[in-house]
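Hi,

Here is the structure I said I would pass on.

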Amino acid sequence: MGIMNTQQQNKIIYSWYGKPTNSDRKLRTLQYKGIIIKSERSRTEKCIQLGNFVLIEGENADQPFVAQLLDFYEDGAQQKHAVVQWFSHITEIPQNKRKLLKREVSPQEVFFDQVSGYDNDIAVETIIESVLVIPLHPKEELPITLNKEKIFYVKQSWDGKCFKALSTDTFSKLKDANKKGDETKKVVRSVMKTKNVEVEIESKHSASKSSLSKERYSQRVANGTKTPTARKKLQLNSMYMAIFCPFGFECSVFRASSFLGSLSSGNTVFLATLFKLWASRIAYSLLKTHAISVSYSLLNMIDSSQEEDFLSSSDGLYSSSSEEEDNNVLCTPEKKTKAGRIFSTPKSSRKPSVHTPAKTLKKTPLPGTPKTPRNATPEIPRRSHAAQKPASMLEEARLRLHVSAIPKSLPCREEEFQDIYNFVESKLIDGTGGCMYISGVPGTGKTATVHEVIRCLQQAAENDDVPAFEFIEINGMKLTDPHQAYVQILELLTGQKVTATHAATLLAKLFCTPGPKRKTTVLIVDELDLLWTRKQNVMYNLFDWPTQKHSKLIILAIANTMDLPERIMMNRVASRLGLTRMSFQPYTYKQLQQIISSRLNSVKAFEEDAIQLVSRKVAALSGDARRCLDICRRATEICEFASQKSAPEIVRMAHVTEAIDEMFSSPYINAIRNASLHEQIFLKAILAEFRRAGVEEATVQQVYHQHISLCRMEGMQSPTVSEIMAICSRLGACRLLLVESSNKYLHMRVRLNISQDDVMYALKDE
């Protein structure tokens with residue numbers, strides 16, 4: 001961000017150098033031979049011509065791109081463009097391809113870029129400054145005298161698959177470009193002198209100063225004398241005034257009079273007036289200071305001998321303590337008064353018995369106390385031994401049935417996988433952006449399928465079957481506020497940590513303006529419904545960025561509600577989302593049975609009837625594959641515990657039935673079954689409101705409307721508002737609901753403290 005902020009604070013003007021060299025009436029373009037970059041703050045101008053090597057502002061300001069200018073033109077809209085030849089830095093090459101070099105790469109080495117697919121048409125406003133790119137032979141070493149900031153060297157070319165030596169034609173062209181660059185600098189100097197009068201005067205003044213300094217330097221070398229630097233000159237002048245001119249006035253008059261004598265008569269009158277005013281003020285201050293100092297002269301003369309003895313005895317101690325302070329602590333400079341510059345401050349006549357150092361010594365830590373690193377981060381301790389392999393067949397089955405275990409394939413989602421893969425692949429090949437909305441009830445394999453698509457596309461990108469892309473992911477459940485999505489996306493893309501407002505501005509600039517050598521970004525937004533806000537600006541921006549021409553942003557939005565756009569989104573947000581949607585239907589019992597069998601594979605730890613029982617039971621409730629896997633894992637634990645008393649056996653129907661009873665017969669489920677009729681209807685009303693809104697949170701008033709509708713359907717009398725508030729309080733006291741603690745009455749927000757599947761299971765038999 002250093003370069004970008006500097007250009008924003010300092011107004012920079014880009015103008016063409018010279019007249020148009022060529023024009024095209026059909027394309028309405030004008031070609032130029034150079035560009036002039038003018039900075040208003042520093043009042044400097046830079047002329048960059050065709051063939052020069054430049055730094056170009058990229059997405060990461062700390063690592064600008066290197067390129068060679070091939071053409072300048074202005075389109076019909078009077079926009080300034082440049083056509084460039086890219087050079088790739090080692091950080092721009094994929095990690096797995098860097099191993100092909102088999103050598104260490106200097107930070108100043110770049111590669112002649114021959115990768116197809118990069119946009120070589122850039123905006124002139126992204127040019128930062130000119131640099132030098134020197135071609136070298138493969139066995140030639142980097143010269144030591146190179147300026148590391150503005151000089152690069154190139155030895156090889158990069159085509160996206162392998163590194164090659166520079167061709168003879170390319171090598172000679174780069175050599176010629178360097179020679180032309182030296183000639184261009186001479187032309188630029190003359191252009192700047194004729195175009196800007198202030199720059200001309202400043203350059204002449206600096207030239208005269210440099211020639212004069214060279215002449216003086218040659219005289220000093222001949223005489224064998226050395227002149228200290230400017231800062232040391234200042235110190236010598238002040239010491240000279242304090243020692244040789246106690247009042248400093250006569251010396252100042254002498255130097256000023258000699259200075260006035262060297263000026264012309266016209267300037268002498270003006271400067272003499274300023275000199276008289278300055279001399280009168282100095283004389284007044286000197287006389288006043290002299291009167292004060294006379295009163296202390298007698299006291300200083302009495303104790304001068306004692307002070308000298310004390311200072312001479314403590315000189316070594318002061319010198320050692322001052323060196324220690326310089327090494328350990330930075331001292332704050334004391335403010336000097338005007339009297340202190342001319343006369344010494346009178347000191348006390350009392351001689352201290354024990355010398356006290358000016359500052360206390362710096363505390364050193366105890367030898368046994370370890371220092372905490374500055375950038376210490378907590379981490380899980382590493383294993384001292386490797387993880388043990390499963391000792392039994394049931395333990396192997398339990399590991400494979402874990403929700404976090406990644407299977408080799410995803411059964412029963414082949415069609416959805418192919419549709420998502422084709423959508424992302426087409427956008428990558430076309431270099432455009434787009435958005436797909438993926439919906440389905442929890443546990444239907446939405447996130448797992450999308451991750452499998454990304455994994456296959458990354459493998460295809462490594463094999464150069466599809467263009468390379470950047471993959472990032474955010475989850476609405478992990479965000480404390482919907483606006484934090486901007487912060488997380490920007491940090492994943494660029495590594496910058498800024499506020500939400502600033503991050504939104506930077507992301508809008510990133511996706512809405514053309515950028516050189518920009519890769520396509522694939523963004524997964526999981527739990528989309530939790531990014532909802534009152535103005536819906538977060539959702540709008542996320543879906544609007546892919547529609548921009550130069551965004552190259554592909555968004556895969558995942559949510560649990562199929563008609564979420566129609567329910568909670570405004571028309572302007574739903575229109576940006578588009579019509580590309582994918583719906584994941586709940587798993588049937590045959591699909592759940594196939595998922596469990598594919599995970600177990602060759603491990604025969606279950607009876608076929610036991611797997612079928614679990615699949616039918618879960619499919620009748622929600623079709624959640626994760627719930628099915630949890631029941632099977634619990635059944636293996638029950639079977640393993642039972643087999644400790646007898647011979648080992650496989651999981652049977654009895655073990656699965658016991659696991660289902662444990663899973664669906666918790667104290668919460670018993671509390672729901674023993675609740676009153678209106679309390680059960682209130683829970684049903686909460687489920688209905690969650691389905692209607694698509695968000696697992698509602699107010700008491702919204703639930704009350706659903707409760708009245710359910711009572712009318714059952715032909716029951718509707719409860720009053722006071723009775724509804726009492727029902728809500730009782731369910732909150734039982735911890736079946738999470739009720740907001742406030743005095744908002746009907747506007748209090750409520751959430752379920754248990755899963756919706758448990759509520760449906762408890763109310764199913766009623």
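Start with Gln536, which sits in the loop between S16 and helix H15 (537-544). Keep in mind that this is a predicted model. Gln536 has a positive phi of about 60 degrees, although it is not a glycine. Is it buried or exposed? Gln536 counts as buried, because its relative accessibility is 3% and the cut-off for buried is under 20%.

You will find Arg28 in the loop between strand S2 (22-24) and strand S3 (29-32). With a relative accessibility of 59%, Arg28 counts as exposed, since the cut-off there is over 50%.

One more positive phi turns up in the hairpin of S4 and S5. Four residues lie between the two strands, and Arg43 takes a positive phi near 55 degrees. As for the strands themselves, S4 (residues 34-39) and S5 (residues 44-49) run antiparallel and are joined by six bridges. If you want a pair to click on, Lys38 has Glu45 in S5 as its bridge partner.

For the overall picture, the protein has 766 residues, and 37% of them count as buried. Its secondary structure comes to 26 helices and 21 strands. Looking at contacts with a separation of 6 or more, 66% are between residues 24 or more positions apart.

Val525 is placed opposite Ala557 in S17.

Two packed helices are described by the angle between their axes and the distance between the axes.

Take H23 (residues 677-693) and H24: their axes come within 8 Å and cross at roughly 115 degrees. This crossing is right-handed. On the H23 side, the residues that meet H24 include Ile681, Phe682, Ala685 and Ile686, and among their counterparts in H24 are Val703, His707, Leu710 and Cys711. Counting the residues of that contact by type gives eight nonpolar, four polar and three charged.

H24 (residues 700-714) also packs against H25 (residues 721-733), at an angle of about 110 degrees and with the axes 11 Å apart. That angle makes H24 roughly perpendicular to H25. The crossing of H24 and H25 is right-handed. What does H24 bring to this contact? Val700, Tyr704 and His707 come from H24, and they meet Val721, Ile724, Met725 and Cys728 in H25. By type, the residues of this contact are six nonpolar, one polar and no charged.

The last stop is another sheet. It is open, with three strands in the order S19-S21-S20 and antiparallel pairing. Strand S19 (698-699) and strand S20 (737-739) are the edge strands; each has a single partner strand, so one side of each is left without a neighbour in the sheet. S20 and strand S21 (residues 749-752) pair over three bridges in the antiparallel sense, and Leu737 stands opposite Leu752 in S21. H25 comes back here: it packs on the sheet and touches S20 and S21, with its direction at about 115 degrees to that of S20.

Happy browsing!

Methods. Residues are numbered from 1 along each chain as its sequence is written. This is a predicted model: local features need pLDDT of at least 70, side-chain atom pairs count only at pLDDT 80 or more; totals for chains, interfaces and linings use all residues. Side-chain values use heavy atoms; hydrogens and water are left out. Two strands pair if DSSP finds at least two bridges between them. Axes are lines fitted to C-alpha atoms, for helices over the stretch in contact, and angles run from 0 to 180 degrees between N-to-C directions. Angles under 35 degrees count as roughly parallel, over 145 as roughly antiparallel, 65 to 115 as roughly perpendicular and the rest as oblique. A crossing is left-handed if the near helix is turned anticlockwise from the far one by less than a right angle, and right-handed if clockwise. Contact means heavy atoms within 4.5 Å. Ala, Val, Leu, Ile, Met, Phe, Trp, Tyr, Cys and Pro count as nonpolar, Asp, Glu, Lys and Arg as charged, and the others, Gly among them, as polar. Buried means under 20% relative accessible area, exposed over 50%, partly exposed in between (1.4 Å probe, protein chains only).
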